[in-house]
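I opened my notebook to look up a few things in this structure. Here is what I wrote down, entry by entry.

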Amino acid sequence: MAGLGHPALIAALLFAALALGLCLAGALRKRSDITEAGVRAVVASFAFVVVAVLSLLTALFARDFSLEYVANYTSESLPAVYTLTSLWGGMEGSLLFWTLLLTGFSTAALIRAPAQRAGLAAWAGVVLTGVAIFFLALLLGPADPFTTLASPPPDGSGLNPLLQSPGMVIHPPLLYTGFVGFSIPFAFAVAALASGRLDEAWFVSTRRWTLFAWSALSVGIVLGGAWAYTELGWGGYWAWDPVENASFLPWLTATAFLHSVVVQEKRRMLKVWNVSLILLTYVLAVFGTFLTRSGILSSIHTFTEGDTGKWFLPFLAAMLLGSFALVAWRLDSLRSENRLDSLVSRESAFLGNNLLFVAAAFTVLWGTIYPIVNEALTGVRVSVGPAFFNSVFVPIGLALVALTGIGPLISWRRMSKGSFWRVLRGPVSAGGLVAIGLGLAGIRSVGALLAFSLCAFTAVSLAGEFARGGRVYRTREGLGWPAALRRTLLRNRRRYGGYVVHVGILLIVIGFAGAAFRTERQQEIRPGDTMEVGAYTLAYEGSTRSETEEKQVNAARVEVLRDGQAVATLRPQRNFHFAQQQTQSEVAIRSTPVEDLYVVMTSLDADGTAVLRAFVNPLTWWIWMGAAVMAAGIAVLLSETKGSAVRVTAPQRRREPAVATR
Amino acid sequence: MRRVAVFTLAAGLLLSVSTPASAAPADIANSVAADVMSPFCPGSTLHDCSSAEAQDLREEILARAENGWSRTRIMSWLEDEYGPSIRSTPATEGAGWLAWLLPLAVVIGGAAVAWAFLRRSTSSSGVEPSTQVTRSERSELERELRTLRGRP
């Protein structure tokens, strides 16, 4: 089966090239029959990529160490579930997985757009197959997963122990789904620019794709944080590492797009901005892939480093220059059809939101590449770590939380200042009360006070939205509050699903703010000794040793006491992995809504003396709870059917009578 | 927009001054470890690095803090030992200012562009919305309401 891999990739490349030619001909000659033939070639290309993936999976599960990739990323003792993970655990396999998703998504998007084949879909097919050809060429050249070894080793090197985590089974596929998913709106945006069909069709027909990609990326990023928290052993979940930043960048611009596209739907404004945002999002997704594979920046997450990075640079340049040249070419056709009526309007709030999101994306990008820029300018290598990102990003993040609360309160088009202040009164009072209450309770961290009070402000604003919606159904249909709120949520899933996502974000921000009160201690400790961290006493009772096929497990037994009462027993581990000859710590966590007690054993001597690092992380639990609420909101958003979707409004007159509507 | 900019700046200033001055040696050591990159883990701070060498260095920092060394003195010692790239933030002098000021410039420049866009495209800026509803608007509104209530 492994022998099929290479020929299958060649066939996939040939069909992709054929598809590109047919879609281009269909687009230029406006012939839907030719475009349909091109789409069939896309399907054939996808089918051959599936064959290649199955070939590699077969080799991985069969431990065919004659393939270099299999020898590098599996071993005889590797559990089956992590054998699947090794498909994307290395550079070549991850690019093959990327190509599988790309051709699969292209197939799904193109065969579901029959009415548009002569126009948008034909050009989108050109773009998507062009991207697929780049990745297939990489797989047949510098990133060949089917390279064979002259003398296969008796056992493989095995997968990096850090990647042997349940989170790693789903975290990378979700990130790739997000990155690759943005290729569909990107392709349709380029198609709109190339074909001159610059109405809302391109983003309406790809709206679900954008939302799907954004959702996958959101969940993937949170799972990455959860993986870092439970596996890396430093007590945190986000380190502003270049690879983390690479996934965050397209998320920021895509989030900006999801907000600003509402302005285009409602008011037919911000057309240039929206098309630029989606182009930028995909370019940043590919830039992230380049960062993780080039080795130009140091990262603890760089599991897929190789020499393929240099091939991404011309590809990135072509995408960036090509797509923005198209924007410049069509600039006149992308003018807004309406004008802003007032500075106090929801359009202005969306503009402010977009300014902050793009500033946040620029900050992350700038901080990530600054070491390279500085080295090029001054010859001195410098570092940019969490302290820089936190000090620049946190104010932007807090301003975004405030706008999340302000946005729903303002009307479209215009609102009198008096009305604006009236609707602000409740949320501002709630925020003020929380700030005063927490201040009186002894909290002195200004950052945390601001975060908590802004969360209260925004929560009251969002609660007001649900209350207003529910009241309408209570009055009109005589429903009780639960049924009325359910009806409110389900009747306008996009709007209220979005609000649920915002509630999840607020909970996550509360979790982040808890970091201001983090406590940690590190101590060398002998069996029978104790150490203090926060309000806890950790009594180290000793360690036990056992062996599995793949590792030696050294588990400490730590009794946790609070106010003299035993509250838990934690068992942090320090394990030795045989295949990789690596020692790896396994964290023990006692998690509650108030605080997490996080214990990691960083060394263990033969006489049982251990070094323990213990952290008390207040409110971290709320990050994962917020992510769950966010996922529920995303589910509501994705469940929106075509019938319940908000329709694009008909073209409006340039000036309309001034009526305050909310 | 001006309020947003003022708020953002104020929040940044407040956050920058709100970092507690840690007195306990363990807190000084943790704070230093969080503000320097690890010479042993690529791209990680010393605080986040789990290698044995990083642990030794953290213990060395703690020992110096317990001997009365200030945070500034420990940072200088680390910079002498491992070079300027051990600092996790760009310097606030010379070319280092570029790192700090460019994001601020983007926010201010973006706000200025957005402001100019708003001023240019605001059709009746400064005019309070009319509270008068025209007859045709009223009839349209009533028709919509009847449709919503399920009446013809």
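This is a predicted model: local features need pLDDT of at least 70, side-chain atom pairs count only at pLDDT 80 or more; totals for chains, interfaces and linings use all residues.

I began with B:Glu59 and found its place in helix H3 of chain B. Helices here are DSSP runs of H or I with at least four residues, strands are runs of E with at least two, and both are numbered from the N terminus.

Residues are numbered from 1 along each chain as its sequence is written, chains are lettered from A in the order in which they are written, and side-chain values use heavy atoms, leaving out hydrogens and water.

Buried means under 20%, exposed over 50%, and partly exposed in between, with a 1.4 Å probe and protein chains only.

For A:Arg63, phi is about 55°. A:Arg63 sits in the loop between helix H2 (32-61) and helix H3 (68-73) of chain A, and counts as buried because its relative accessibility is 14%.

For A:Asp563, phi is near 50°. I found A:Asp563 in the loop between strand E4 (551-562) and strand E5 (565-570) of chain A. At 70% relative accessibility, A:Asp563 counts as exposed.

Last, I checked chain A as a whole. I noted 20 helices and 10 strands, and 59% of its 662 residues count as buried.
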